[in-house]
Amino acid sequence: MSRMKVVEARRQSPWLAMLAVVAAVGLAGAADAPRTSLVPVKLGLESISKAERTKLWQRVDEYATVDALLEFCGRKLNLQRRTWAAVSPCVEVKSLRKVASVFRSKKAEYVKAWETAFSEPEKKKTLCDTQKPKLAEYTRILDAHIAEARTMCDACIFC
């Protein structure tokens, strides 16, 4: 994968940056080790840089915000379940649980905020109607991020 594609992938999904690190670490180790000594590798939060973790938590917050709004407006994406399934072959369970916990907490916080701010049915309907075009776009983006993360994880030869 070219450096440009890795950089582009890091901007698209929180797990993609982690998967890129798995590939880089695996490639570096594979150059020095005999082919028969390859060991499956799973990426963890401690495997990525502080800057990458910061970006990951920012993405988790962004995804929780969007998922909360979608759920508030009656559209469930099952984002957490689908993302877990996409990246679990390449990411440690401990790290997945940590990210999932933060995601659930943030999402619950945002759902509560939407419910508080738009408690009246008419206000909710107006918000959801005005956000409908954006929600369709957000759904396409999130679906694409999950698909790309799955593809990268499936292509990982060290996972």
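Phenylalanine 118 is partly exposed, with a relative accessible area of 23%. Partly exposed lies between two cut-offs: buried means under 20% relative accessible area and exposed means over 50%, using a 1.4 Å probe and protein chains only. This is a predicted model, in which local features need pLDDT of at least 70, side-chain atom pairs count only at pLDDT 80 or more, and totals for chains, interfaces and linings use all residues. Residues are numbered from 1 along each chain as its sequence is written, and side-chain values use heavy atoms, with hydrogens and water left out.

## Aromatic pairs

Rings of Phe, Tyr and Trp (its six-membered ring) pair if their centres lie within 6.5 Å. Planes under 30 degrees apart count as stacked, over 60 as edge-to-face and the rest as tilted. By this rule, there are two aromatic pairs. Phenylalanine 72 and tryptophan 114 are stacked, at 6.3 Å centre to centre with 25 degrees between the planes. This pair links distant parts of the chain: phenylalanine 72 is in helix 3 (residues 50-72), tryptophan 114 is in helix 5 (residues 93-117), and they are 42 residues apart. Phenylalanine 72 counts as buried, at 6% relative accessibility. Tryptophan 114 and phenylalanine 118 form a tilted pair, 6.0 Å centre to centre and 35 degrees between the planes.

Phe72, Trp114 and Phe118 form one aromatic cluster.

## Helix 4 against helix 5

The axes of helix 4 (residues 79-87) and helix 5 come within 11 Å and cross at roughly 165 degrees. Axes are lines fitted to C-alpha atoms, for helices over the stretch in contact, and angles run from 0 to 180 degrees between N-to-C directions. Helix 4 and helix 5 are therefore roughly antiparallel to each other. Angles over 145 degrees count as roughly antiparallel, under 35 as roughly parallel, 65 to 115 as roughly perpendicular and the rest as oblique.

Leu79, Gln80, Trp84 and Val87 in helix 4 meet Val93, Leu96, Arg97, Ala100, Phe103 and Arg104 in helix 5. Contact means heavy atoms within 4.5 Å.

## The whole chain

The chain has six helices and zero strands. Helices (H or I, at least four residues) and strands (E, at least two) are DSSP runs, numbered from the N terminus. Buried residues make up 38% of the 159 residues.
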